[in-house]
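Hi,

Here is the structure I promised to pass on to you. Please open it and keep it beside this email while you read.

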Amino acid sequence: MTSIGTGYDLSASTYSPDGRIFQVEYANKAVENSGTAIGLRCKDGVVIAVEKLVHSKLLVPGANRRIQTVDRHIGLATAGLMADGRHIANRARDEAASFRDIYRSPPPLKTIVDRVGLFVQAFTLYSSVRPFGISTILGAVDKDGPALYVVEPSGVFYGYHGAAVGKGRQLAKTELEKLKLAELSTREAVTEAARIIYAVHEDSKEKEFELEMSWIGNESKGVFVPVPEDLLAEAERKAKEALENFE
Amino acid sequence: MVAVPDMDSLVNPQQRQFNPYTENGGTILAIAGADFTVIAGDTRQSEGYSIQTRYAPKVFRLTDKAVLAVNGFAADGNMFVKKVKQRLEWYRHAHAKDMPLRAIARLIQTMLYARRFFPFYVYNILGGIEDDGTGAVYSFDPVGSYERETCRAAGAAQSLVQPFLDNQIYFKNQLAAPGMSHPTHLPLPDVLSIVIDSFTSATERHIEVGDGLEMYVVLAKGRGLGGMEAIGGVQELSERTEGERLFVVRRELKKD
Amino acid sequence: MDHFPTNWGRPRNDAYDSYGTYPIPHRPYNGPKDAFGEGVQRTQQPIVTGTSVLAIKYKDGIMMAADNLASYGSLARFKDVQRLTAVGEFTVIGASGDMSDFQYIQSMLDDKMVEEFTSQDGHALGPAEIHEYLSFIMYGRRTKMDPLWNSFLVGGFKEGQRFLAYVDLLGTTYSASAMATGYGAHIALPLLRTAVEGKENLLTEEQAQKILEECMKVLFYRDARSLNKYQIATITAAGPSISESRELATSWSFAEGIRGYGAQTQ
């Protein structure tokens, strides 16, 4: 960030002399400050988990979910500005509904990600708008099986076996790489996801957090829903146990 | 004057057009007393010779002192009642009180006339208690003409019931005993008997009337129950006993 | 600009009005037309149609029946059509009337259910809400003079409550414990009422099924637009379930005795 203060970072519609768009890079900073979100594409489904930092004890437990539902079979989690996350979820819902309207069939995740990516990218072109301060993990089981994507503030998107965004992404990625995701069942992935979120949470620096987790697979009858409470509690118990053993 | 056939109809084939209306039978009736009002309707809903259901209410509580009976095309009737209720709720939110009866009557006129060129095909009878404590009945035509009356019947058996009411309520074609005059208002038990007789008779002679009878009784503030005691199957709808009181009486009618 | 020279300067039609006796407002219009005016079409009549739907209340919930025929006028055009459809976890809709309008409504309701699902607010639409929504759609379209040409029965079971109601192309609604649409309202409903009214809380699933089967049989004998292949739907505390297609066992031996149909020649 040596070029800060040179005037090339005031607008998303201005390149710096070495071809960068600073506003987009700043948007990535907003993502990096956020609680971690991870996604696991496994053998028979997808699991998405979020470390939701609770900034006040006055908040109702379970409120302000960071994992949202786009369609029966599609869900997403965002890291970054909460309000931007809601906006992107609404857009994704509209796109999914419009696909259904035109093609009378459930949209493949790739199509939705493609359209969301285009939408996000449009906010990197004009001086009158700011880019989205979020990275979005989208997961689904569609006609081609389990699918997992991440859309970044620049509008680029990649498909993944395992994805991590937000503060603890580096460690989370390392942990994800150790897993044999293609052989993992969704039920096993729930335990792993919980363990990773607990592992990357920095107890010393951070406030309280809630583990938020949703999944889709045969066990959820092919719809994207929150992981059942008993299973979530069990996964959290194991995660805390693993953390103590590790330390 | 000789009617000129439309030339277009000679040249082009005629298209049958969709008819957005139907008639769902039934009859409604309201009678005002000095300090009460009775609003009643049967509960049969029919189309042609088919009885669709034996219980479809045509009389609706609007407030503790206003009751609306709606008769004609049932879909329009239900939608109209829904819209009136919504307007009354907005009024409550804005003014923290229920809309007075005469204001509801004018509101209904406005709402009906707003659809002058695609009318709600419904005859409305509004009954209740005015701000001065008197019983009142307002009757409307489908496009909003209205007036305050002492009694009114509408619907399928209007032509059977109204003359009976004219005779029994307004004492038409009756001579008062020498030195006596006809009363301007009847007591509640007499009114209830007349309503019940009206509907049992209409049920006998009109195929679209029958199955069940719902009578709403609105009593003015501070008035005793005088006359209600003798009637069976009474259910109170008002929550407070100090203001106007609202009751509903349900009875069976013949189902053939 | 009217590009057809035959229309120029010809305010009257010689075939019908050779002496120009028709008043001007009654003469055919030969001026320019809105090229797309004809493009706006509304349903003025049903095309591919389904006949009656039957439904009753019974001990455990609601049971419905409809055959698998979609007719094109008097032609039995499609003989494998589902006219009963589940909407969400608590509701089944049975449709008679225009089948394309029905398919449109199915997709519209599915969109609505997806919208409700994605809000994840812990509230699910039950039969009462779906019926109310459907009746608003139907009444709204009739008010636009562009009706959806159907009669529907909406049956459901939620929170221990049975629900059964009707809505049609005029937006007319009502509820009862035995209901039928179309021809069934004339032929089957009297039988259903005798069998069901007053016994809503006693009838077992087997009894309810037998009543509906009997009525479907009567309808097949008497309704020329019906089929001996039908489905039954139940909606109970366990949710909706729609059966596979089943055949009606019918007997035609009596036909032998009918003059002009059987063996007799005189």
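First, some housekeeping. This is a predicted model, in which local features need pLDDT of at least 70 and side-chain atom pairs count only at pLDDT 80 or more, while totals for chains, interfaces and linings use all residues. Residues are numbered from 1 along each chain as its sequence is written, chains are lettered from A and ligands numbered from 1 in the order in which they are written, and side-chain values use heavy atoms, with hydrogens and water left out.

**Confidence**
The predictor gives the complex an ipTM of 0.92 and a pTM of 0.90. Where pLDDT is low, the predicted coordinates should not be read in detail.

**Who touches whom**
Two pairs of chains are in contact (heavy atoms within 4.5 Å), and chains B and C share the most contacts. Chain A and chain B do not touch, with 28 Å between their nearest C-alpha atoms.

**Chain A against chain C**
Here twelve residues of chain A meet eight residues of chain C. About 830 Å² is buried between these chains, 55% of it from carbon and sulfur atoms; buried area is the accessible area (1.4 Å probe) that two parts lose on being put together, summed over both. A:Thr69, A:Arg72 and A:Arg104 supply 51% of what chain A buries there, more than any other three residues.

The interface has two salt bridges, that is, a side-chain nitrogen of Lys or Arg within 4 Å of a carboxyl oxygen of Asp or Glu. C:Asp110 forms a salt bridge with A:Arg72, and their closest N and O atoms are 2.9 Å apart.

**Inside chain A**
Which residue forms a salt bridge with A:Glu32? The partner is A:Lys29, with the closest N and O atoms 3.9 Å apart. Both sit in helix α1 (residues 22–32), and because they are three residues apart there, about one helical turn separates them. Helices are DSSP runs (H or I, at least four residues), as strands are (E, at least two), numbered from the N terminus. Over the whole structure, the search finds 43 salt bridges.

Happy exploring!
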